[in-house]
Amino acid sequence: MTYILNLLTNLNSTVVAVLLSFALGSALGWYLTAEYKNNKHEAIVGKMQTEANIALRQATDKLIETERQNAKLAQDIEVSHVENRKKLDDLFADNLRLASEYAGLYDRYASNSCSVSGKPDSSGNPNNATSGARLSNEASGFLLNESRRADEAAAYAAACYEWVKKLRQ
(Lines give C-alpha, C1' and ligand atoms only; values in the text may rest on other atoms or scores of the structure.)
Protein backbone atom coordinates (compact mmCIF):
# COMPACT_ATOMS: atom_id res chain seq x y z
CA MET A 1 0.00 0.00 0.00
CA THR A 2 2.78 2.38 0.71
CA TYR A 3 4.11 1.52 -2.59
CA ILE A 4 0.83 2.51 -4.23
CA LEU A 5 0.62 5.63 -2.15
CA ASN A 6 4.17 6.49 -3.09
CA LEU A 7 3.38 5.84 -6.72
CA LEU A 8 0.27 8.02 -6.56
CA THR A 9 2.27 10.81 -4.95
CA ASN A 10 4.92 10.53 -7.64
CA LEU A 11 2.19 10.25 -10.24
CA ASN A 12 0.56 13.42 -8.92
CA SER A 13 3.91 15.20 -9.07
CA THR A 14 4.49 13.92 -12.58
CA VAL A 15 1.02 15.00 -13.77
CA VAL A 16 1.44 18.39 -12.15
CA ALA A 17 4.87 18.75 -13.75
CA VAL A 18 3.52 17.71 -17.17
CA LEU A 19 0.54 20.08 -16.88
CA LEU A 20 2.78 22.89 -15.68
CA SER A 21 5.28 22.36 -18.50
CA PHE A 22 2.40 22.15 -21.02
CA ALA A 23 0.96 25.43 -19.72
CA LEU A 24 4.35 27.19 -19.80
CA GLY A 25 5.12 25.77 -23.26
CA SER A 26 1.77 26.87 -24.60
CA ALA A 27 2.14 30.37 -23.17
CA LEU A 28 5.68 30.70 -24.50
CA GLY A 29 4.61 29.31 -27.91
CA TRP A 30 1.68 31.71 -28.06
CA TYR A 31 3.95 34.64 -27.16
CA LEU A 32 6.58 33.75 -29.75
CA THR A 33 3.93 33.18 -32.44
CA ALA A 34 2.25 36.48 -31.57
CA GLU A 35 5.58 38.31 -31.74
CA TYR A 36 6.34 36.71 -35.12
CA LYS A 37 2.91 37.63 -36.51
CA ASN A 38 3.19 41.17 -35.14
CA ASN A 39 6.66 41.66 -36.64
CA LYS A 40 5.50 40.26 -39.98
CA HIS A 41 2.45 42.55 -39.95
CA GLU A 42 4.58 45.58 -39.09
CA ALA A 43 6.99 44.74 -41.92
CA ILE A 44 4.12 44.49 -44.42
CA VAL A 45 2.56 47.74 -43.21
CA GLY A 46 5.96 49.47 -43.29
CA LYS A 47 6.54 48.31 -46.87
CA MET A 48 3.07 49.51 -47.87
CA GLN A 49 3.70 52.90 -46.24
CA THR A 50 7.03 53.23 -48.05
CA GLU A 51 5.41 52.40 -51.39
CA ALA A 52 2.55 54.81 -50.67
CA ASN A 53 5.01 57.59 -49.77
CA ILE A 54 6.93 57.00 -53.01
CA ALA A 55 3.70 57.04 -55.06
CA LEU A 56 2.53 60.19 -53.25
CA ARG A 57 5.85 61.91 -53.89
CA GLN A 58 5.73 60.99 -57.58
CA ALA A 59 2.15 62.24 -57.87
CA THR A 60 3.07 65.46 -56.07
CA ASP A 61 6.05 66.02 -58.37
CA LYS A 62 3.85 65.41 -61.41
CA LEU A 63 1.23 67.81 -60.05
CA ILE A 64 3.81 70.52 -59.41
CA GLU A 65 5.22 70.11 -62.93
CA THR A 66 1.73 70.27 -64.44
CA GLU A 67 0.93 73.38 -62.42
CA ARG A 68 4.15 75.01 -63.63
CA GLN A 69 3.31 74.18 -67.23
CA ASN A 70 -0.24 75.50 -66.81
CA ALA A 71 1.05 78.70 -65.19
CA LYS A 72 3.49 79.25 -68.07
CA LEU A 73 0.71 78.53 -70.56
CA ALA A 74 -1.61 80.96 -68.79
CA GLN A 75 1.09 83.62 -68.77
CA ASP A 76 1.80 83.12 -72.48
CA ILE A 77 -1.89 83.29 -73.36
CA GLU A 78 -2.37 86.33 -71.12
CA VAL A 79 0.52 88.13 -72.84
CA SER A 80 -0.99 87.24 -76.22
CA HIS A 81 -4.40 88.48 -75.05
CA VAL A 82 -2.91 91.79 -73.86
CA GLU A 83 -1.20 92.23 -77.24
CA ASN A 84 -4.48 91.50 -79.02
CA ARG A 85 -6.26 93.94 -76.72
CA LYS A 86 -3.71 96.62 -77.64
CA LYS A 87 -4.41 95.93 -81.32
CA LEU A 88 -8.13 96.24 -80.64
CA ASP A 89 -7.57 99.56 -78.86
CA ASP A 90 -5.58 100.80 -81.87
CA LEU A 91 -8.33 99.60 -84.21
CA PHE A 92 -10.98 101.38 -82.14
CA ALA A 93 -8.89 104.56 -82.16
CA ASP A 94 -8.60 104.29 -85.96
CA ASN A 95 -12.35 103.79 -86.25
CA LEU A 96 -13.00 106.85 -84.09
CA ARG A 97 -10.52 108.88 -86.13
CA LEU A 98 -12.10 107.79 -89.41
CA ALA A 99 -15.62 108.46 -88.13
CA SER A 100 -14.61 111.92 -87.05
CA GLU A 101 -12.66 112.53 -90.28
CA TYR A 102 -15.66 111.60 -92.44
CA ALA A 103 -18.19 113.31 -90.17
CA GLY A 104 -19.66 110.15 -88.74
CA LEU A 105 -20.85 106.82 -90.03
CA TYR A 106 -23.06 106.35 -93.05
CA ASP A 107 -25.71 103.82 -93.95
CA ARG A 108 -24.72 102.93 -97.49
CA TYR A 109 -28.08 101.27 -98.14
CA ALA A 110 -30.16 104.34 -97.29
CA SER A 111 -30.55 107.30 -99.57
CA ASN A 112 -30.23 110.87 -98.46
CA SER A 113 -33.92 111.44 -99.09
CA CYS A 114 -34.80 108.64 -96.70
CA SER A 115 -36.88 106.84 -99.31
CA VAL A 116 -36.60 103.10 -99.21
CA SER A 117 -35.91 101.76 -102.67
CA GLY A 118 -34.82 98.27 -101.70
CA LYS A 119 -31.73 98.62 -103.86
CA PRO A 120 -28.39 99.36 -102.27
CA ASP A 121 -26.23 102.05 -103.72
CA SER A 122 -24.06 100.37 -106.32
CA SER A 123 -21.00 102.44 -105.53
CA GLY A 124 -20.73 101.26 -101.90
CA ASN A 125 -18.22 104.02 -101.26
CA PRO A 126 -18.46 105.16 -97.63
CA ASN A 127 -16.13 108.07 -98.41
CA ASN A 128 -18.78 109.61 -100.62
CA ALA A 129 -21.39 111.35 -98.49
CA THR A 130 -23.96 110.93 -101.22
CA SER A 131 -23.67 107.13 -101.15
CA GLY A 132 -25.86 106.83 -98.07
CA ALA A 133 -27.52 108.60 -95.20
CA ARG A 134 -25.34 109.90 -92.39
CA LEU A 135 -26.09 108.30 -89.02
CA SER A 136 -26.56 110.47 -85.97
CA ASN A 137 -23.68 110.98 -83.56
CA GLU A 138 -25.46 108.82 -80.99
CA ALA A 139 -26.02 105.98 -83.50
CA SER A 140 -22.42 106.24 -84.72
CA GLY A 141 -21.09 106.15 -81.16
CA PHE A 142 -23.35 103.23 -80.30
CA LEU A 143 -22.23 101.23 -83.34
CA LEU A 144 -18.56 101.99 -82.72
CA ASN A 145 -18.84 100.95 -79.06
CA GLU A 146 -20.76 97.78 -79.93
CA SER A 147 -18.20 96.86 -82.57
CA ARG A 148 -15.49 97.31 -79.94
CA ARG A 149 -17.38 95.13 -77.48
CA ALA A 150 -17.87 92.46 -80.16
CA ASP A 151 -14.16 92.56 -80.99
CA GLU A 152 -13.29 92.22 -77.28
CA ALA A 153 -15.68 89.26 -76.90
CA ALA A 154 -14.17 87.60 -79.97
CA ALA A 155 -10.64 88.13 -78.63
CA TYR A 156 -11.63 86.72 -75.23
CA ALA A 157 -13.27 83.69 -76.87
CA ALA A 158 -10.15 83.15 -78.99
CA ALA A 159 -7.97 83.28 -75.86
CA CYS A 160 -10.24 80.76 -74.10
CA TYR A 161 -10.20 78.49 -77.14
CA GLU A 162 -6.41 78.69 -77.28
CA TRP A 163 -6.22 77.81 -73.57
CA VAL A 164 -8.45 74.74 -73.96
CA LYS A 165 -6.68 73.63 -77.13
CA LYS A 166 -3.26 73.78 -75.48
CA LEU A 167 -4.49 72.08 -72.29
CA ARG A 168 -5.67 69.09 -74.33
CA GLN A 169 -2.21 68.56 -75.83
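Is Asp90 buried, partly exposed or exposed?

Reply: Asp90 counts as partly exposed, at 36% relative accessibility. On the scale used here, buried means under 20% relative accessible area, exposed means over 50%, and partly exposed is what falls in between (1.4 Å probe, protein chains only). Before going further, a word on the source: this is a predicted model, where local features need pLDDT of at least 70 and side-chain atom pairs count only at pLDDT 80 or more, while totals for chains, interfaces and linings use all residues. Residues are numbered from 1 along each chain as its sequence is written, and side-chain values use heavy atoms, with hydrogens and water left out.

Now the partner. Asp90 makes a salt bridge with Lys86, at 3.0 Å from N to O. To count as one, a side-chain nitrogen of Lys or Arg has to be within 4 Å of a carboxyl oxygen of Asp or Glu. Both residues sit in helix H1, 4 residues apart, so about one helical turn separates them. Helices here are DSSP runs of H or I with at least four residues, strands are runs of E with at least two, and both are numbered from the N terminus.

The side chain of Arg85 meets that of Glu152 in a salt bridge, 3.5 Å from N to O. Arg85 belongs to helix H1 (residues 2-101) and Glu152 to helix H2 (residues 137-168), so this pair ties together parts that are 67 residues apart in sequence. Arg85 is partly exposed at 36%, and Glu152 is partly exposed too, at 22%.

Glu152 has another partner: Arg148, with the closest N and O atoms 3.1 Å apart. Those two are both in helix H2, 4 residues apart, or about one turn of the helix. Through shared partners, salt bridges join Arg85, Asp89, Arg148 and Glu152 into one network. Arg148, partly exposed at 25%, also lies over the face of Phe92, 4.6 Å from the ring centre. For that label, NZ of Lys or CZ of Arg must be within 6 Å of the ring centre and within 35 degrees of the ring normal.

Stepping back, the structure holds 10 salt bridges. The protein chain has 2 helices and 2 strands, running α-β-β-α along the sequence. Of its 169 residues, 8% count as buried. Taking contacts (heavy atoms within 4.5 Å) with a separation of 6 or more, 68% are between residues 24 or more positions apart.

Two other spots are worth a look while you have the model open. Ala103, in the loop between H1 and strand S1 (106-107), has a phi near 60°, a positive value in a residue other than glycine. Ala103 is partly exposed, at 38%. Back in helix H1 you'll find Trp30, which counts as exposed at 62%. Leu28, Trp30, Tyr31 and Leu32 make a nonpolar surface patch of about 500 Å². Patch members have over 30% relative accessible area and no salt bridge; like charges are joined within 9 Å, and nonpolar side chains (Val, Leu, Ile, Met, Phe, Trp, Tyr) within 5 Å.

Definitions and conventions:
Areas by Shrake-Rupley, 256 points an atom, 1.4 Å probe, with all protein chains shown as cover.
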